[in-house]
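Here's a quick walk through one model, sheet and turns first, then a pocket. Have a look at the structure before reading on.

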Amino acid sequence: MEEMDETEAVTQVYMACIQQGPRVGISYYDSSIRQLHVLEVWEDGSREFPLIDLVKYQAKPLIIYTSTKSEESFLCALQRGDGTSEAPTVKLVKSSIFSYEQAWHRLIYLRVTGMDDGLNIKERLSSMMDMGSDVQVRASGDSLPY
């Protein structure tokens with residue numbers, strides 16, 4: 001059995017995913033390094049969501065948040081384990097939490113270590129993600145409260 005050093009941080013990754021047609025916005029927050037990752041993937045329409053599986057395998061989320069209005073096939077993909085670790089817990093949240101407006105308001109209050117204080121809000125956010133991608137913004141805004 002491997003011993004864990006008391007100073008090692010326990011990795012807790014929280015993910016948020018939102019689907020809009022073939023586009024999926026994904027953000028995940030790794031609490032051990034205090035880092036938010038944001039991406040958008042385009043699924044091929046097979047309803048198996050292989051890119052979701054890849055991101056889950058790499059990020060190893062403890063909890064995945066998604067909308068109560070998510071399609072069944074999308075929920076199944078989020079709940080599916082990869083065979084190497086425990087399947088993540090999927091929590092359904094009100095779809096209004098994933099609205100662009102609510103996400104935008106959460107993001108404008110985000111403080112980023114090392115970010116130039118001289119940047120305005122739009123410049124600051126644009127340097128972190130594609131603000132033209134509504135699914136990236138919506139997924140990111142949802143992962144911030146957690």
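This is a predicted model: local features need pLDDT of at least 70, side-chain atom pairs count only at pLDDT 80 or more; totals for chains, interfaces and linings use all residues.

A residue counts as buried under 20% relative accessible area, exposed over 50%, and partly exposed in between, with a 1.4 Å probe and protein chains only. Helices (H or I, at least four residues) and strands (E, at least two) are DSSP runs numbered from the N terminus.

Residues are numbered from 1 along each chain as its sequence is written, and side-chain values use heavy atoms, leaving out hydrogens and water.

Five strands make an open sheet in the order 3-2-1-4-5, with mixed pairing; two strands pair if DSSP finds at least two bridges between them. Strand 3 (35-42) and strand 5 (89-93) sit at the edges with a single partner strand each, so one side of each has no neighbour in the sheet. On average, neighbouring strands are turned by 20 degrees against each other, direction ignored. Here's how some of the pairs look:

| Pair | Sense | Bridges |
|---|---|---|
| Strand 1 and strand 2 | antiparallel | eight |
| Strand 2 and strand 3 | antiparallel | eight |
| Strand 4 and strand 5 | parallel | five |

Then the turns. The hairpin of strand 1 and strand 2 has two residues between the strands, and Gly21 there takes a positive phi near 65 degrees. Strand 2 and strand 3 form a hairpin with four residues between them. Its turn holds Arg34, with a positive phi of about 55 degrees although Arg34 is not a glycine. Phe49 also has a positive phi, near 55 degrees, and lies in the loop between strand 3 and helix 1. Which of these is buried or exposed? Arg34 is exposed at 65% relative accessibility, while Phe49 is buried at 3%.

Last, the second largest pocket. A pocket is an open set of points on a 1 Å grid over the protein atoms alone, where a 1.4 Å probe fits, with protein on both sides within 12 Å along at least five of seven lines; lining residues have an atom within 4 Å of a point. This one is lined by 16 residues, with Lys60, Pro61, Ser85, Glu86 and Pro88 nearest its centre.

Key:
Axes are lines fitted to C-alpha atoms, for helices over the stretch in contact, and angles run from 0 to 180 degrees between N-to-C directions.
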